[in-house]
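Please keep the sequence and the model in view while reading.

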Amino acid sequence: MEASYPGMKVLLANNLMMAYNQAEAAQPVFAFVEDGFTKLPEFEMMLALFSALDTRWVAVMDSLGAIPARTSSPLLNVGAGIFELTKTDTPQQFSQYFDMMVNAPRRDQAGIGKRNGGAAPATDFNKIILIGSSTGGVEALRSVLVGFPALCPPTLIVQHTGKNFGQGLVSLLDRICAAKVVPAEDNMKLEPGHVYIAAGQRRHMGMTQRKPMRARLKEGPPISGHIPSVDALFTSAVPYGKEVVATILTGMGQDGAKGLLALRNAGATTFAQDEKSSVVYGMPRVAWETGAAEKQVSLARMAGTLLQAAKA
């Protein structure tokens, strides 16, 4: 295959973390992915990176009798556009897929990277935005945050993801968003134009109880089954009540629903992603059915809805 593409460089990775780091650094045109990797929860991060880089990829199964990941993973059924090969396929078949994918029209890359448009004065917003998400949330966060202006309201996010993938998520989102995306740190002042991410770490993120608003990171047992927990973040913001806009995006389980209800009762504006646009309608469903969310919103309209509510 290399002979057909002079100058082509081939990189090998034997674990998902190595694969992610290599892909982020090398920005490959094409990737063969062991099917076992696609069944890991953390593969959601690879999907988002491949999408951001416009990297074409193929899942390779061990044998013809293998059960493809796309039959059991909701993530792979949402626009993944992958082919599935087996290790018994001939080199000619591998080359055929390679040629097909590499030579396919590529997405315009002009919009990839930091966005310059949409900047709005910080004084346009007078509230803080809180977001909780889980399965399918990486892509959902990309969709929401690219709609935020450079001087967006201070935004705190808890995303359930695997250990060691938190920094990758921050880097990915910062690459494509106008606002500055940073990992949350204890006692960090919450400022306009910044998005603070808690993901893949062993501490809960919350907010200090007195102004000026600051992030608080605290060790403790799982809350609603997770560290960091969406419920922990939402509950910590209850004292600010009417100064908060909060939403729950796609994800399994019910983390965030109790905290969102407490926020709504304290005067916050609350939303949940709707079923149609959710990869997994678990967390948003519980938030809606318990009355924690005032309104269900599609992913396509979520950014605008949050920003409008932050001006009210």
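**Terms and basis**

A residue is called buried when its relative accessible area is under 20%, exposed when it is over 50%, and partly exposed in between, using a 1.4 Å probe and protein chains only. The model is predicted: local features need pLDDT of at least 70, side-chain atom pairs count only at pLDDT 80 or more, and totals for chains, interfaces and linings use all residues. Residues are numbered from 1 along each chain as its sequence is written, and side-chain values use heavy atoms, with hydrogens and water left out.

**The chain as a whole**

The protein chain has 312 residues, of which 51% are buried. Its secondary structure consists of 10 helices and 12 strands; helices (H or I, at least four residues) and strands (E, at least two) are DSSP runs, numbered from the N terminus. The accessible surface amounts to about 14,100 Å², and carbon and sulfur atoms hold 53% of that area; such areas come from the Shrake-Rupley method with a 1.4 Å probe, and for residues only the protein chains shown count as cover.

A contact means heavy atoms within 4.5 Å. Among contacts in the chain with a separation of 6 or more, 74% are between residues 24 or more positions apart.

**Ser 236**

Is Ser 236 buried or exposed? With a relative accessible area of 5%, Ser 236 is buried. The residue belongs to helix α7, which covers residues 230-236. A polar atom of the Ser 236 side chain lies 2.7 Å from the backbone oxygen of Leu 233. Leaving aside residues up to four places away in sequence, Ser 236 touches Gly 206, Met 207, Gln 209 and Arg 216.

A nonpolar core is a set of buried Ala, Val, Leu, Ile, Met, Phe, Trp, Tyr and Cys residues joined through side-chain atoms within 4.5 Å. The largest such core contains 52 residues, and Val 144, Phe 148, Ile 197 and Leu 306 touch the most other members. Helix α3 (residues 43-53) gives the most to this core, namely nine residues. Apart from this core lies another, of 31 residues, including Tyr 196, Ala 246, Ile 248 and Leu 260.

Helix α10 spans residues 299-311, and its buried residues include Leu 299, Met 302, Ala 303 and Leu 306. These four are among the residues that Val 144 touches, not counting residues up to four places away in sequence; Ile 131 and Leu 249 are also touched. The cover over the buried residues of α10 includes β4 (128-133), α5 (137-145), β10 (244-248), β11 (269-273) and β12 (295-297).

**Aromatic pairs**

Rings of Phe, Tyr and Trp (its six-membered ring) pair if their centres lie within 6.5 Å; planes under 30 degrees apart count as stacked, over 60 as edge-to-face and the rest as tilted. The structure holds two aromatic pairs. Tyr 20 and Phe 165 form an edge-to-face pair, at 6.0 Å centre to centre and 80 degrees between the planes. Tyr 20 lies in helix α1 (residues 16-26) and Phe 165 in the loop between β5 (155-159) and α6 (166-176), so the pair ties together parts 145 residues apart in sequence. Tyr 20 is buried at 0% relative accessible area, and Phe 165 is buried at 6%.

Phe 30 and Phe 32 also form an edge-to-face pair, at 4.9 Å centre to centre and 80 degrees between the planes. Phe 30 is buried at 12% relative accessibility, whereas Phe 32 is partly exposed at 35%. Phe 32 lies in strand β1 (residues 30-34).

Notes: Polar contact = N/O pair within 3.5 Å; in protein donor to acceptor, adjacent residues only side chain to side chain.
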